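Hello,

Here is the structure I promised to pass on to you. Have a look at it first, and then read on below for what turned up.

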Amino acid sequence: MTSTPRIRLIAADAFERPVPFRFAFRFGAAEVTSAAQAFLRVRIKDEAGREAVGWSAEMMMPKWFDKSPELSPDENTDQLRTSLRLAKNVMLTAGADTAFGLHAAVEPAHHAACERAGLNGLIASFGLALVDRAVIDALGRLRGVSAQKLVNDNSLGIDARTAPDLAGFDLDAFFADLSVPDTIEVRHTVGLGDALEAGDLARHLNDGLPETLEEVVAAYGHRYFKLKISGDVMADVARLTRIAAVLDRLLPDYRATLDGNEQYEDEAHVLALLDAVEAEPKLARLRERLLFLEQPIARATALASPVTKLAARIAVEVDESDADIGSFVTAKGLGYTGISSKSCKGFYRALLNRARMAKWNAEAGSEAYFMSAEDLTTQAGIGIQQDLALAGLIGAEHIERNGHHFVDGMAGAPEVEATSYLAAHGDLYREADGRTRLNIHGGRLSLGTLAGAVGLGSAVEPEWSAMQPLA
């Protein structure tokens, strides 16, 4: 490890901006038609008195962090605003330390404060994740290096103090070998209400973007897909059969994952789904191409009982149950072999879980444990670029991306910001119909310019004047 600079957070300002959707998102039984994106701007100072500014952004999506039916979308959004306020305020009082040292110092207090406010672990993670990413971005700008360089040299000062199970594991050597690849495959999400063929559409948007699964495949060339399931075995088999008919017809080779979104009651319920899938001849090809099953059981009970019978038949990972840095260890003890990486859950958590994966696979002598890169409606600009940088660092070969399918380009951002991203990151974006849109070609995204950008993934500063202070 080279020098690990000690820094302090001296200012933090939070903003938000509305993002209009093309059509509604569905999270399990919930449907969301609009949301706001949170932005954070921080200033850090090192021990030599040098200062730098950094940024981060994340969608404040209702109905995923807390799926309580009693809460309205506006109340869900207020939960996330509260988490961000608590996180930035506690970090401002943390004094001087390494970037990771600041995170480790405040994480227990932040989660405790969120718990007192009635906020769960995922919501607590949201606020701290935004602060951490902005601090990392600022440190990269202070040193004039990319996030990969910060990680490779462990200039962030990451150690095992929050993950004592990694004591003795050579984190410095592990981080030195991580790198962001040139490209990454995009895994398209097929939601429960998404149109598969033209006949499924009640009306056509005609906005120049694909609306059906058929059109998505034709427009972007995807080979990877994420298929949502609802918890109703027969309805899910019927839906998967329709999806498989489209994929089998259009693609000679594809891969897919299933996302249960906490909709199944227990292991026996999920096993019933697998039995039904394997009994349907029209799903034989899809079953052969399934990579893993994501969080099928509700978080309230998912980590209360073993899933060893299920895991013997399909790789199973946790997502919503990943409430804190210890979740992967708990899940492993119950038979889960995978965990998701999402920027909204934490940059450091993802890297430490990736180290756990390497350690456990070495001990097992096989590739039994895995991480996937998932998306929480991440939007074009700094949010998606920081998430892609993290996915690249953990070695993800493909990443779920669906925010661009529901939002037209950089909708909500001023034109000057959109054109700045197009100019600075012309490999990641393209201009079409007067919009700056993600440039998915052959099912892949280019990571070249974001990997080399000073800071965490983005060379463009957001237009703060086009936002309002966090409500």
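The notes below go through a few places in the structure. Please keep in mind that this is a predicted model.

Let's begin with the aromatic residues. The structure holds twelve aromatic pairs. Trp64, Phe65 and Phe126 form one aromatic cluster. Trp64 is buried, at 1% relative accessible area, and Phe65 is buried at 2%; Phe126 is buried too, at 1%.

Rings also meet charges here. The charged end of Arg289 sits over the ring of Tyr254, 5.5 Å from its centre, and that of Lys332 sits over the ring of Trp360, at 5.0 Å.

Next, Glu51, which is found in strand β3. With 38% relative accessibility, Glu51 counts as partly exposed. Its side chain makes a polar contact of 3.4 Å with that of Arg43. Glu51 and Leu142 are 91 residues apart along the chain, yet their C-alpha atoms are separated by 6.8 Å.

Finally, helix α7 covers residues 233–250 and reaches 26 Å from its first C-alpha to its last. Its buried residues include Val233, Leu240 and Leu247. The buried residues of α7 pack against β4, α6, β5, β6, α8 and α9.

Enjoy exploring!

Best wishes

Conventions:
Residues are numbered from 1 along each chain as its sequence is written. This is a predicted model: local features need pLDDT of at least 70, side-chain atom pairs count only at pLDDT 80 or more; totals for chains, interfaces and linings use all residues. Side-chain values use heavy atoms; hydrogens and water are left out. Helices (H or I, at least four residues) and strands (E, at least two) are DSSP runs, numbered from the N terminus. Buried means under 20% relative accessible area, exposed over 50%, partly exposed in between (1.4 Å probe, protein chains only). A polar contact is a pair of N or O atoms within 3.5 Å; within protein, one must be able to donate a hydrogen and the other to accept it, and residues adjacent in sequence count only if both atoms are side-chain atoms. The expected span of a helix is 1.5 Å times one less than its number of residues. Contact means heavy atoms within 4.5 Å. Rings of Phe, Tyr and Trp (its six-membered ring) pair if their centres lie within 6.5 Å; planes under 30 degrees apart count as stacked, over 60 as edge-to-face and the rest as tilted. A charge sits over a ring if NZ of Lys or CZ of Arg is within 6 Å of the ring centre and within 35 degrees of the ring normal.
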